[in-house]
Structures are given as C-alpha cells and as structure tokens.
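User: Hi! Could you walk me through this structure with some questions and answers?

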Amino acid sequence: MTNILPNGYKAQVVAYSRLAAIRYFAALKTARDELLAEAEGLSPQDKALDDEALCQRPPKVQALVQAWRHRDTLARLEFAPIISGSNNDDPAWKAWTDGAAHEQLIKRFKKPLFHADPAKTDPLAFLVVKSMLLTGFDAPIEGVMYLDRPIREAELLQAIARVNRTGFGKRCGIVVDYYGVAQHLKEALAAYADEDVEGALASLKDEIPVLRDRHLRVVDLFRQQGIESLDDTEACVEALGSERLRAEFAVKLKAFLASLDTVLPRPEGLPYSGDAKRLAYIYARARNRYKDTPVLGKDVGAKVRKLIDDHVISLGIDPKIPPIQLTDAEFDTHLARAANDRAKASEMEHAIRSHIRKHADEDPVLYRKLSERLNEILKSLGEQWNEVIAQLQKIIDELRTGTAGAVDVPGDLPEHCAPFLRTVLDVAFAGQAPTSAELLRLKDVTVELVDLLVQELKANPRIWSPNKMPDQENLRDGILFDHLMNLKPRLIDAEMAGLLADRLIEQARANHDKLVQV
C-alpha cells in the first residue's frame, strides 16, 4: 500500500510450498478486508494528510492512509495462486492448478490497476507461486516480489529479472526478502561471471547516495547561474531562458525525482521533498513561459508526482493543463501576474515564439518575417522594458485580429489564399516588391493554384497517408508543376517552378483542414 500500489504496480509472492501458496491466498484476502476496516476508522485529520506530512508518520499509518486513498481499488483487489498439480491434490486446489485457468490469470495480471478507461483495468494484483512464473514470465507491471523460500543460482537470477522488467514508468523492481536469500546472494550467484550479475540485486539503502548526488546536480544548475536560493523562482525561470539549460534541467530533474520516488516513504527521502516541490514549481513556471518542455508525466513515479502536483496546484498552476497561449482568453490575466516588466516582456516574447512555432508551416513567409521582427525589437530595444512591451503587444494584437501580414496581399484575395500568395511572392520575387500589375497577376495565379489544391484534397482526403506517396508526387509534378510551366507568359523557370511546387505541397499539408472546408 505504501510503496507499490500508489505507483499502480502489482506483486508476486514466492511461497515455500504449494500449501503455503494456498494459505497466503486466504491470508491476503483477510488482510485486505482488515486493512479496509482500519482505514475507515482513521481520523479525519489523518485522512486529509498531504504527502509530505504522511511521509513523517509511522509506516502503519502510511499504509492505512494510502489504503483510504485507494479504498475503491483496494476493495476490489484480487489474489490468485498459480501452482502445479498432482494426483493427490485437495480437490479445492483444482482451480489453481488448471493450465487454461493459469493463462487467463496471467492475462488479467498484466492489465493495469489504473487507467483512464476502466474497461482496460483489472484488479488482480497478487500472484502467489512456488516455482511457477519465476522463469520466462514477462510482466513489466510487476513492481515487487516477496520472497519466502530459498532460491539459488539460475532460479534466483531469473526471479530477480522477473521484477526488474522495465515498463509502466518503472525503472527497477523491489525484492522483499523474508527468507534471507540476499545474505547468501554471493554464494548463490557464484556460478556466474561478475559482469553477468553486477547490479542484479542492490539494497534500497544504496539509492540514498544516488539521490543525494542527483539532488546536488540539479540544484547546482542554478548555483552556476549565480542563484543561491530556489525560492527566487523568477530568477530561476529567467535563467532557464537558455534552451540548452532547460533541456539539461529537465533531464536532471527527472533523474532526481525518480530516485526520490524509489526512496520515499523511507525517512531518508524526507529532507529532499521540499526542494522537489520547489524545483517542480520552477519547471511548471518555465513550461508555461517557454512552452516547449513536456509535462512531468510518466517519467515521474506516482508517489512523487502527487507530492509535487499538489504543491504546484496550490500555487496556481495545474501541470496537466497545457501552457496558456496568446490567443487564450485568460492570457492577459496570466500576463498581469508577472513579477515585473522584464518578466512580462519575457512572457510575451515566448508566447509569440510559441505561436510562430505552432503555425509556421501554415504560413512560412509570414511567420519568418514575424520572427525576424521580434528579434529586431529585442535586439534594438535591449532592456527598455516599457517600449519592448508596447512593441510586443502590437504583434500580439495583429496575431489575434488576423491582420499580421495583411499589407502584403490585396484586400480582395480570398482569406485561405493569402498564405499561398506570400509563398508565391517569396519564390518568384525573392523578397523584392512587385509592381501593381505583377501583384495582380500573381494573385490570379495563386487563386488558380489553390483551387487545384482544394479540388485534389477534396477528391483524395487521405492523400497525406504514407501509402499515397504516388498521389502526392502527381499533385506536385503532374498538376502544380505543369500548371506553372504552362503559364503564358512564363512566370518562373523550371527550377524555381519545382521549388515552388514543393513549398506549396508542404503548405497544403499544413492547411489541409482549412482547404477541405473551402
């Protein structure tokens, strides 16, 4: 309940005998019911404990609080012995020795305990065995193996391998040794070369120095930037303006949190929980500002994820909600919360950059020019934050109203054709301004080209599928290129016509949904 279930993992019990496996099966059901009853009797204060406070309570209380949190899952939890059969078995054992039944139980065991779709979950959480399923059994969802019988040599190594299968966000498994196998591990594995078994089984205590080292590594990223306190959130977020530093921070933070999840709820992990919450808040703030880092999702174990999510949400950020974009209704409110003008300008800059990244393929020329304009503003105005904010607001207003780049195209051009005209102009005139007559002709050519694209996309809506490459080539070379080469008088030469056809194809792919609605 304390270490394994919160992360959604399942368990295997290795019993001393087949009879012991049957007895474990009965005892586990009784223990589940007793645990539920005790959890119901917790005080309201204990039921409401947050994760950091919970880690400071005795193990028994931790298990009861987790049982309360997961009471619905716990009430449904199922157990099953999987044992071999013999002629003299108790008839009541038949259900647990049948090969066909074993296959169904294994299939159920491999399904998750938690899933957004309840139909994909299964409450079978414990398999109790003697010798079966210790070799050749692949179930990454198994997070712990409880050993209650002697195991030697090949069987021991393979049993450890069962629980160490990675998957479902698990980076290692836990072996709980009731029998004393670990005391004789060196003797048991003597048949193997050292390099074959190195790291096969390590004490959980060995993770403490790893946790300490990973904590120092992530905190040191900010110390190297001259930031001594993680409480100076704005300074930390500004330091993460470097894309390289953001990437390094994400990698080191995930490693630190993974170690913390392994150690908690052991008391040795408690001194690191405060910094884990501070760092997660810095990460969430940076994600909202720079809009290019992923959510801390399955990379982080569920125990630590709840600890940090509760903290970050209490400070006004829901990590599951995507970063606020400049077109969102709440963007201005979000901007008003900026700590100072420098932070506000940074929020605006990166909201614009995010918008450009998101839409660049739809209108490459427009967004390339906006990016250049943005860089020029930042370069020329330096730290004149009021003026920077005013200029960035003009770009945001243009993007919101759809007037960005409007001066580049004739007013009577259909809206869906404007991005394509900018591309035609960029290729045909290489940034030079056309005369009025030339612009008028280019407008007509663009409308013709876009009409050809619309006809083809409506007739062949799955044209971008990998198996439709010949159709894409025909659209580029047999329709667009031919149309350009047959224009009288010729607009551009064959080389430029090929380049323009390529760009129009990519632009059509990015604008597919808009074009088929024309």
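User: What span should the 13 residues of helix α15 have, and how far apart are its end C-alpha atoms?

Analyst: Helices here are DSSP runs (H or I, at least four residues), strands are E runs of at least two, and both are numbered from the N terminus. The expected span of a helix is 1.5 Å times one less than its number of residues. For the 13 residues of α15 (residues 302-314) this gives 18 Å, which agrees with the distance between the end C-alpha atoms, 18 Å.

User: Good to know! Where do these numbers come from?

Analyst: This is a predicted model, where local features need pLDDT of at least 70 and side-chain atom pairs count only at pLDDT 80 or more, while totals for chains, interfaces and linings use all residues. Residues are numbered from 1 along each chain as its sequence is written, and side-chain values use heavy atoms, leaving out hydrogens and water.

User: Which helices do the buried residues of α15 pack against?

Analyst: Buried means under 20% relative accessible area, exposed means over 50%, and partly exposed lies in between (1.4 Å probe, protein chains only). In α15, the buried residues are Lys303, Val304, Leu307, Ile308, Asp309 and Val312. Counting contact as heavy atoms within 4.5 Å, they pack against α3 (51-54), α13 (243-263) and α14 (273-290).

User: Is lysine 291 buried or exposed?

Analyst: Lysine 291 sits in the loop between α14 and α15. Its phi is positive, near 60°, in a residue other than glycine. Because its relative accessibility is 11%, lysine 291 counts as buried.

User: How many aromatic pairs does the structure hold?

Analyst: Rings of Phe, Tyr and Trp (its six-membered ring) pair if their centres lie within 6.5 Å; planes under 30 degrees apart are stacked, over 60 edge-to-face, and the rest tilted. By that rule, the number of aromatic pairs in the structure is eight.

User: What is the angle between the planes of tyrosine 16 and tyrosine 179?

Analyst: These two form an aromatic pair, with 6.3 Å from centre to centre. Tyrosine 16 is in the loop between β1 (10-14) and α1 (18-40), and tyrosine 179 is in the loop between β5 (174-177) and α9 (185-188), 163 residues apart. The pair is stacked, and the angle between its planes is 20°.

User: Which residues does arginine 32 touch, beyond those up to four places away in sequence?

Analyst: Arginine 32 lies in helix α1. With a relative accessible area of 15%, arginine 32 is buried. Leaving out residues up to four places away in sequence, arginine 32 touches Leu74, Ala75, Leu77 and Phe79.
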